[in-house]
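Please open the model in a viewer and follow the selections below in order.

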Amino acid sequence: MVTSNKYLLRFLVLFVGLITIPFPFNVIPKLEFVEKAIFGVYQKIVPWVGQRILNIEKPITIFQNSSGDKTYDYVLLFLLFIVAILGTIIWSIPDKKNRTYEKLNYWFLVLSRYYLGYFMIYYGLFKIMPIQFGETAFWRMLQPYGDSSPMGLAWTFLGYSKGYNLFMGLSEFIGGILLFHKRTRLLGGLILIPVTANIVAINFFYDVPVKLFSSQLLLIAIIVIAPDLKRLLNLIIFNKPTNRIDSINPFKSKKWKVAANILKWTFIVLILYNSIDYTTNLYNTRQQKPELYGLYQVTNFVANQDTIPPLLSHKTRWRYIFIDRPNTIQFSRMNKSRYGLYSKIDTIDKKISLTEFNDSTLVHTFDFKKTDSTLILSGIFRKDTIFCETKRMDKKDFRLTSRGFNWINEYPYNR
């Protein structure tokens, strides 16, 4: 960040500082209460701002879920932006001295690159494993393109290739690692700007609800390389010579410098350990397959001793059964609607217990018989006596997963 524009520096210090909270407290063990306390304050202030200042009709009640583009998030960002502007004005009124702000600029860049590095390592590992997009679900294999949401289409595309996930993950991980040393900061920033720009583009153009957060990461990536922007323009565009930038040394004594290095590397090791431990455990959990893992096409469906033909307009007859995650089973009806239940499989007594998502007291029990190619279910389900015969399908039965990689293509295989 160029320290000559003091007003911009003051605003960015305040704004970036506010949007990065509760980092780094959320990384350090035993300090999780700081994050909870801050979010607790936000969850009281933001609804009030939305109702009293912005006149939002519907009350803000959704605070935390997998979406980062909730009404709550937009109002919170607006609130932090206004606070940063007011803080800049208040800061600038008494501060009329001719200060260089070199130390403030130094620590601001440290916070920015550590914050960005932390999240790039975290998300990079989520793709290297791979966890973020994961294996294409059975129900997704049968879903027509036109019925998919833009985000669903993007998730299927990105999750299809383990090699592409590895490429994305390594780009994020390596770029993140490079940010933790001042000599490799610029290289890390140059790697992460196109990486985060691509993430922002996907989130905006495929309606992925992480638009705000990914835009913040891109902003911080730009801030990280800002001190070298003039040098880069001279080198790449203006064909002019450029000089090195000597950063200040904020530590006057060798003892403080050694202590700072120990603290720094302890923090880096902590980030790596926590990220690797969390993603590895999550990956191992995701790799566990249920006992009846598979996609089953219903060939015969009998309800209350009446055989129900496979009419597309039928609302209750099953068409497919999906079992691809532990403790969960999904059913697809003939009319393309789909629903799921919690499942518990007893391989000794050959029984499946199904529990409704919305009511844990409603439990349905099926007897099952399984071969390598078939699955037969019989029992009482939602007051109906069901007998269901299925044939097992494999992901190799689909063109998407059977095509594979080919070095030689005499003709484009675009189907």
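Select K211 to begin: at 15% relative accessibility, K211 counts as buried, a term for under 20% relative accessible area, with exposed meaning over 50% and partly exposed in between (1.4 Å probe, protein chains only). This is a predicted model, in which local features need pLDDT of at least 70 and side-chain atom pairs count only at pLDDT 80 or more, while totals for chains, interfaces and linings use all residues. Residues are numbered from 1 along each chain as its sequence is written, and side-chain values use heavy atoms, with hydrogens and water left out.

K211 lies in helix α9 (residues 211–225); helices are DSSP runs (H or I, at least four residues), numbered from the N terminus. Now display D69, N203 and F204, which K211 touches when residues up to four places away in sequence are not counted; contact means heavy atoms within 4.5 Å.

Next, select helix α4 (residues 102–128). Of the 27 residues of α4, 19 are buried, so α4 is largely enclosed by the rest of the structure.

Residues that make the contact include G117, M120 and I121 of α4 and N165, L166 and M168 of α7.

Technical notes
Helix = DSSP H or I, 4+ residues; strand = E, 2+ residues; numbered from the N terminus.
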